[in-house]
Amino acid sequence: MKTPAFEDHLPVEMHNPPLRAGNSPVPAGMLATVVTCLETRDREARPEGELPPGLRLQPLKGGDLSLYRALYDAVGADWLWVSRLFMGDDALRAHLDHPATQAQMLVDGQTPIGLVELDFASPSDCEVVYFGLVASATGRRLGPALMAKVLDLAWARPVERVWLHTCHLDHPAALSFYRRMGFSPFATYVEVLPDPRLKSLLPREAAPHVPLIEG
């Protein structure tokens, strides 16, 4: 089977000519990050481990907008998750209620501690758009068990592959974690985006590992 072109799985605005060798200045107020895309096509490769008793996945829909936003911030602020910050309430509500979107929160008792979001917009693919835990839930070895649940959700549909991406703004162990979970890198690209801290979408102290340059 012919492997689809990398561009087939990225938004049209990313279909740009290749970068030239050398240094490229980043405009003031913007961030640049190198993104790595990874995929798996093996339905049988499931990470070991099960969620401990008391932990479960619970769907998030448009009616859970405040909860989704709070959890999105709690999980993603230090990694500069930004896409949903630019969406108004009506757009985000419609997104969460769309049949191609499957958002779930990981709940410990009654406390949300993790967020995952899957996108089935392509009939042959499932994209893991978001995957993460709040800081207080890290170090408990929940990642492999949560990824196993995510892959169960993905392969429950007739897709041919599951893919995701990470970047150097993310947790430093993210890339190695995804590779241990059975994902293989297949492409890289450079993303340039507005710094959400300069637009008051995130606190200025968020993501201290990423320099805040006023411009």
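**Surface, helix and salt bridges**

Me: Does L19 count as buried, partly exposed or exposed, and what is its relative accessibility?
Reply: In this predicted model, the cut-off for an exposed residue is a relative accessible area over 50%. L19, which lies in the segment before strand 1, therefore counts as exposed, with a relative accessibility of 64%.

Me: Which residues form a nonpolar patch on the surface, and what is their accessible area together?
Reply: L19, in the segment before strand 1, is one of the residues of this patch.

Me: How far apart are the end C-alpha atoms of helix 1, and what span should its 12 residues have?
Reply: Helix 1 covers residues 65-76, and at 1.5 Å a residue its 12 residues should span 16 Å.

Me: Within what arc do the buried residues of helix 1 fall, seen down its axis?
Reply: An α-helix has 3.6 residues a turn, so residues three or four places apart point the same way. The buried residues of helix 1 are L65, Y68, L71, Y72, V75 and G76. Seen down the helix axis, these residues line one face, because they fall within an arc of 130°.

Me: Where is F120 found, and what is its relative accessible area?
Reply: F120 is found in the loop between strand 4 and strand 5, and its contacts beyond four places in sequence include Q102, D125 and L153. Since the cut-off for a buried residue is under 20%, F120 is buried, with a relative accessible area of 9%.

Me: How many residues apart in sequence are R69 and D89, whose side chains meet in a salt bridge?
Reply: The side chains of R69 and D89 meet in a salt bridge at 3.1 Å, N to O. R69 lies in helix 1 and D89 in helix 2, so the pair ties together parts of the chain whose separation in sequence is 20 residues.

Technical notes
Residues numbered from 1 in each chain as written. Predicted model: local features only at pLDDT ≥ 70, side-chain atom pairs only at ≥ 80, totals over all residues. Heavy atoms only, no water. Helix = DSSP H or I, 4+ residues; strand = E, 2+ residues; numbered from the N terminus. Expected span 1.5 Å × (residues − 1). Buried < 20%, exposed > 50% of the residue type's maximum accessible area, 1.4 Å probe, protein only. Arc of directions from axis to C-beta. Patch = residues over 30% accessible without salt bridge, like charges linked within 9 Å, V, L, I, M, F, W, Y side chains within 5 Å. Areas by Shrake-Rupley, 256 points an atom, 1.4 Å probe, with all protein chains shown as cover. Salt bridge = Lys/Arg side-chain N within 4 Å of Asp/Glu carboxyl O. Contact = heavy atoms within 4.5 Å.
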